[in-house]
Amino acid sequence: MRTVAAAAAVLAVIAASWGGYRLFAAPSCSGTVRLTVAATQEIAPVVKSTASQWVDTKPRFNGKCVAVDVVAADSGDVAAAVAGQHNSVLGGIGQASGKMKVPDVWIPDSSLWLQRLRATGGQDWVPADTPSVGRSPVVVAMPQPVAATLGWPDKKLTWADLLSKVTADAKLRTGIVDPSRDASGTSGLLALAAAANAAGDATGQAATVAALRALATGKATLRDELVARFPRATDAASLTSSLSAAPLSEQAVIAYNRTQPPVPLAPVFVDPAPLPLDYPFAVMPGISGDQAGAARALMVTLAGDAYRDKLAKAGIRAADGSAGGGFTAAKGTPLTPSPAAKPVDPAVLDRVLSTWSAVTLPGRMLTVIDISGSMAEPVPTAGGASKEQVTVEAARKGLALCDDSWAIGLWDFTNQADGANDFKEVVPIGLLANSRQDLANGLGTIQPKLNGGTPLYNTMLAAYKAVQNNWDPSRVNSIVLFTDGQNDDPQGLTLDQLTTELKKIMDPNRPIQVIAIGIGNQVSEKELQTITNTTGGGTFLAPDPAKIGDIFLKAIALRSAGTR
């Protein structure tokens, strides 16, 4: 068979490249090369079985025996461990469990995890060459009677069709596994957002927000939680009151249907095809040369017809998209090989996940905007609009993402912004259900003050105390600070005094995250980082103020990494 021949050819190359490796039995071992492999749950049994058969052939590497320990692990948990190993955090994932260790080889369900880690500064944390060892298309899972009303399996559904139904059809109950934690959710969200963005800037943002809010009503943290919401009876009442549609992997649909539920699911293939789960084989940095060589030799065993058939029995396709023997195919399911999907633009991935976080994670937030004289400077890349204007516009767009359950307040600050005070409360913190128009009007009053300075430290302490009052345990409590300069108030607090005062009043049981956004190239990154390292949160820089909108979204998304 072609696949067997290909596997043999690759194996020959590996044997030549890593001298000393051989598959036949040797009289004794000079030691043991041990590999830990963490594979996502659905493919782990296949990998474990294949690896066990390989180890039974007594492979040697440089005279050493090979031992492989394959464990099933949630992709998000491993990603958190990898980030935590480098003192970083992935948005929406949070801190790693102390029980999860970074493996020698990682097989997550999607390359999206590797891409997200690289985007956090982890270019050296994960390898660039990660061949796929399986594939599962991402589909829209629907109860078969519901899918039939949309023309399944004969009619092809587009994401534009689905977008209009998600945002306008109250009868269609949609859901999603949190896309910050689930790759199939991420893939579906990217496809839906692309359809919304095709409508144009303003219309596209409105459509995106509407779709995200509709999906958020049926959001689940875990896949099992989501699929439990599909109908458990065939009567009309059950069908209309249960989950109608959700992006899931084809494998998840197959696994669900194997339980013989009263209402089977239809895996609806929607055009254009979203990113599939591609199960990349990642040999993690930092392992020994022998381990790396043995890992790549193991990878060769994850090919060929026998492995392909094992995947099929688990409801997973081969890496090229073809299906092995025993694959359970639903009506209208394409089974022929297909080209590998192109990676998503990192900026698009970041924007979509950040928007999701901003829309779906209600918060209590005080926005504090610098109105010092330098904020009047024009931004060439923004058509000559001032730094103040691009900042206010970013805040307006951020406001549009927040639903009425948010609580938001607005301050501005400069020397004597409000009488003797260096800050002014423009709008007090309150529910958007009551204050949305007040905030819109308040943003319209934000103007730079000629010759105004930047009393950053005094303002920061006052803002922290203000958010601490009436701290809300049901929300992420935060301060978002926009500034284009450094503290220049000789009569005010020093940086050491500020951090000392913050430490005195901080309460670990009532955390407040500070998100500092530096605008332009006159900002002191060290100054802002000292503050956010003290309080928790993060510092973001916008050397080109025209990019502040995307940076604001990214900053808001950071809230999901902290505790409430």
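This report covers confidence, the disulfide, the salt bridges and one loop lysine in a predicted model.

**Confidence**

The mean pLDDT of the protein is 87. Of its residues, 91% reach 70 or more. Among the elements, helix 1 has the lowest mean pLDDT, at 40. Strand 4 (residues 105-107) has the highest, at 98. One is residues 1-26, which has 42 contacts in the model beyond near neighbours in sequence. Another is residues 560-564, with 19 contacts beyond near neighbours in sequence.

**The disulfide and two cysteines**

The model holds one disulfide. Cys29 and Cys65 form it, with sulfur atoms 1.5 Å apart. The torsion about their S-S bond is about 40°, so the disulfide is right-handed. Cys29 lies in the loop between helix 1 (2-17) and strand 1 (32-39). Cys65 belongs to strand 3 (residues 64-72). The pair therefore ties together parts that are 36 residues apart in sequence.

Accessibility is given for Cys29 and for another cysteine, Cys402. Cys29 is partly exposed because its relative accessibility is 32%, a value between the 20% and 50% cut-offs. Cys402 has a relative accessible area of 5%, so it counts as buried.

**Salt bridges**

The count comes to twelve salt bridges.

| Residue | Partner | N to O distance |
|---|---|---|
| Arg223 | Asp182 | 3.5 Å |
| Glu250 | Arg317 | 2.8 Å |
| Asp507 | Arg510 | 3.5 Å |

Arg223 and Asp182 form a salt bridge. This pair links distant parts of the chain, 41 residues apart. Arg223 is in helix 9 (residues 223-227). Asp182 is in the loop between strand 7 (176-177) and helix 7 (183-197). Their accessibilities fall in separate classes. Arg223 is partly exposed, at 21% relative accessibility. Asp182 is buried, with a relative accessible area of 7%.

The side chains of Glu250 and Arg317 also meet in a salt bridge. Here the two residues are 67 residues apart, again in distant parts of the chain. Glu250 sits in helix 11 (residues 250-257). Arg317 sits in the loop between helix 13 (304-313) and helix 14 (346-360). Both Glu250 and Arg317 are buried.

Asp507 pairs with Arg510 in a salt bridge. Asp507 is partly exposed, at 25% relative accessibility. Arg510 is partly exposed as well, with a relative accessible area of 29%.

Salt bridges also join into a network. Asp74, Asp77 and Arg181 are its members.

**Lys156**

Lys156 is found in the loop between helix 5 (144-149) and strand 6 (157-158). Its relative accessible area is 43%, so Lys156 is partly exposed: the value lies between the 20% and 50% cut-offs. Leaving aside residues up to four places away in sequence, Lys156 touches Asp161, Phe269 and Asp271. Pro511 is 355 residues from Lys156 in sequence. In space, the C-alpha atoms of Lys156 and Pro511 are 49 Å apart.

Terms used: Residues are numbered from 1 along each chain as its sequence is written. This is a predicted model: local features need pLDDT of at least 70, side-chain atom pairs count only at pLDDT 80 or more; totals for chains, interfaces and linings use all residues. Side-chain values use heavy atoms; hydrogens and water are left out. A disulfide is a pair of cysteine sulfur atoms within 2.5 Å. Helices (H or I, at least four residues) and strands (E, at least two) are DSSP runs, numbered from the N terminus. Buried means under 20% relative accessible area, exposed over 50%, partly exposed in between (1.4 Å probe, protein chains only). A salt bridge is a side-chain nitrogen of Lys or Arg within 4 Å of a carboxyl oxygen of Asp or Glu. pLDDT is the predictor's confidence in each residue, from 0 to 100. Contact means heavy atoms within 4.5 Å.
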